[in-house]
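Colleague: I am new to this structure and would like to learn how to read it. Could you take me through some features one by one?

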Amino acid sequence: MVASLTAGAYSERMGRRFMWVTSNAGMGFGFAFIMGFAAAFANTGNSSYGLAVIPFIFIVYGFYDLAWIALNYTYVAEFLPYNLRTKGLAIYITFNNLSNAFNQ
């Protein structure tokens, strides 16, 4: 919550593109370590590799909060022309909710 509130408050100052790039690069970095540690745990059975995954899960979600929480709806509305914003956001929210329902 703290990361997403801070990102939302400073989105104009930091820039949206910088936030998207930083968020996605940080999540990729964190996922790479999660996959490496999880593979090492699966191959060796050493519990320290499994425990090393836990902080990287928090790191991934911290980077996720930078852009995917704070800029999710604003970025969609920003690139659509003014006369299509309502329809575009309605389509975006519909598919977002459908994918969330499917994942649940």
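Modeller: Start with a pair of helices. In this predicted model, α5 and α6 make a right-handed crossing. Helix α6 covers residues 85–103.

Colleague: At what angle do the axes of α5 and α6 cross, and within what distance do they come?

Modeller: The angle is roughly 140°, and the axes come within 9 Å.

Colleague: Which residues make the contact between α5 and α6?

Modeller: From α5 come N72, Y73, V76, A77 and E78. From α6 come R85, G88, L89, Y92, I93 and N96. Sorted by class, the contact of α5 with α6 has 6 nonpolar, 3 polar and 2 charged residues.

Colleague: Take V76 in α5. Is V76 buried or exposed?

Modeller: Compare its relative accessible area with the cut-off. Buried means under 20%. V76 has 11%, so V76 is buried.

Colleague: Which residues does V76 touch, leaving out those up to four places away in sequence?

Modeller: They are G88, L89 and Y92. Now look at the spacing of one such pair. V76 and Y92 lie 16 residues apart in sequence. Their C-alpha atoms are 7.9 Å apart in space.

Colleague: Y73 is also found in α5. How is its accessibility read?

Modeller: Y73 has a relative accessible area of 40%, so Y73 counts as partly exposed. Beyond four places in sequence, Y73 is in contact with L89, Y92, I93 and N96.

Colleague: How many salt bridges does the structure hold?

Modeller: The structure holds 2. One joins R16 and E12, with the closest N and O atoms 2.5 Å apart. Another joins the side chains of E78 and R16, at 3.1 Å from N to O.

Colleague: Why does the pair of E78 and R16 tie together parts that are 62 residues apart in sequence?

Modeller: E78 sits in α5, residues 72–79, while R16 sits in α3, so the pair links parts 62 residues apart in sequence. The salt bridges share partners, and E12, R16 and E78 are joined into one network.

Colleague: How exposed are E12, R16 and E78?

Modeller: Go through them in turn. E12 has a relative accessible area of 60% and is exposed. R16, at 25%, counts as partly exposed. E78 is partly exposed too, at 43%.

Colleague: Back to helix pairs. At what angle do the axes of α3 and α4 cross?

Modeller: The angle is roughly 165°, and the axes come within 8 Å. Over 145 degrees counts as roughly antiparallel. So α3 and α4 are roughly antiparallel to each other. Their crossing is left-handed.

Colleague: How do the residues of the contact of α3 with α4 divide by class?

Modeller: There are 22 nonpolar and 8 polar residues, and no charged.

Colleague: What does S23 touch, not counting residues up to four places away in sequence?

Modeller: S23 touches F63, Y64, L66, A67 and W68.

Colleague: One more pair, then. How do the axes of α1 and α4 cross?

Modeller: They cross at roughly 40° and come within 8 Å. Here α1 covers residues 2–9 and α4 covers residues 47–69. That angle makes α1 oblique to α4. The crossing is right-handed.

Colleague: Which residues make the contact of α1 with α4?

Modeller: α1 brings A3, S4 and A7, and α4 brings G62, D65, L66 and I69. By class, this contact has 4 nonpolar, 2 polar and 1 charged residues.

Technical notes. Residues are numbered from 1 along each chain as its sequence is written. This is a predicted model: local features need pLDDT of at least 70, side-chain atom pairs count only at pLDDT 80 or more; totals for chains, interfaces and linings use all residues. Side-chain values use heavy atoms; hydrogens and water are left out. Axes are lines fitted to C-alpha atoms, for helices over the stretch in contact, and angles run from 0 to 180 degrees between N-to-C directions. Helices (H or I, at least four residues) and strands (E, at least two) are DSSP runs, numbered from the N terminus. Angles under 35 degrees count as roughly parallel, over 145 as roughly antiparallel, 65 to 115 as roughly perpendicular and the rest as oblique. A crossing is left-handed if the near helix is turned anticlockwise from the far one by less than a right angle, and right-handed if clockwise. Contact means heavy atoms within 4.5 Å. Ala, Val, Leu, Ile, Met, Phe, Trp, Tyr, Cys and Pro count as nonpolar, Asp, Glu, Lys and Arg as charged, and the others, Gly among them, as polar. A salt bridge is a side-chain nitrogen of Lys or Arg within 4 Å of a carboxyl oxygen of Asp or Glu. Buried means under 20% relative accessible area, exposed over 50%, partly exposed in between (1.4 Å probe, protein chains only).
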